[in-house]
Amino acid sequence: MKEYERKQLLERVEREGATVGADIPETIDVQGESLDLREFVFEIKRRDTVPAGERDRVDEAKKNLRRERLQRKQLLEEGDITREEGQELVSAIVGIDRALNALESLGPTDLERESQAKEAADQKRWMSFLKQALGREDASNRGRL
């Protein structure tokens, strides 16, 4: 592959709208294991939230997909490949990006932890209000709301 062809392919990978209209690959080899990527992404996206037990699986998949994307991009940048192989790499990288975008856009994952955090914040605000109302805050903060 000629250098200008390589640069064109790399530009396609880095283009802002590269994933628009791109398909998530049916299957992909990630870290030496075959992954039914499209099925996995659609299975996870079908749910409103990701259960706590699945969160680790999703995080691991995202980490492996990022690693695989980086390896494929490095091969595209530096590898001794043909233009056709480069185009296949671009297609795979863009598909990985599409899958990562879908997995990154998932809603809240741990509703119990989120609920506890909100409760703690409410309690902290309430205690602060009580301290102000009872005049127990230091003098520098008195009179401020």
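This is a predicted model: local features need pLDDT of at least 70, side-chain atom pairs count only at pLDDT 80 or more; totals for chains, interfaces and linings use all residues.
Biologist: In what order do the elements of the chain run?
Modeller: The chain has 5 helices and 2 strands. Helices (H or I, at least four residues) and strands (E, at least two) are DSSP runs, numbered from the N terminus. From that terminus on, the order is α-β-β-α-α-α-α.

Biologist: Are α1 and α3 roughly parallel or antiparallel to each other?
Modeller: Helix α1 (residues 3-14) and helix α3 (residues 52-78) have axes 9 Å apart, at about 155 degrees. Axes are lines fitted to C-alpha atoms, for helices over the stretch in contact; angles run from 0 to 180 degrees between N-to-C directions. Under 35 degrees is roughly parallel, over 145 roughly antiparallel, 65 to 115 roughly perpendicular and the rest oblique. The pair is therefore roughly antiparallel.

Biologist: Which residues in α3 meet α1?
Modeller: Contact means heavy atoms within 4.5 Å. From α1, the residues are R6, L9, L10, V13 and E14. Their partners in α3 are R69, K73, L75, L76, E77 and E78.

Biologist: Where do the buried residues of α1 lie?
Modeller: Buried means under 20% relative accessible area, exposed over 50%, partly exposed in between (1.4 Å probe, protein chains only). In α1, E5, R6, L9, L10 and V13 are buried. Seen down the axis, they fall within an arc of 135 degrees, taken from the directions from the helix axis to the C-beta atoms. So they line one face of the helix.

Biologist: Why does R69 count as buried?
Modeller: R69 is found in helix α3. Setting aside neighbours within four places in sequence, R69 is in contact with V13, E14, I93, I96 and D97. R69 counts as buried because its relative accessibility is 17%.

Biologist: How far apart are the C-alpha atoms of E68 and G32?
Modeller: E68 is also placed in helix α3, and counts as buried at 9% relative accessibility. Not counting residues up to four places away in sequence, E68 touches D29, V30, Q31 and I96. E68 and G32 are 36 residues apart along the chain, and their C-alpha atoms are separated by 9.8 Å.

Note on methods
Residues are numbered from 1 along each chain as its sequence is written. Side-chain values use heavy atoms; hydrogens and water are left out.
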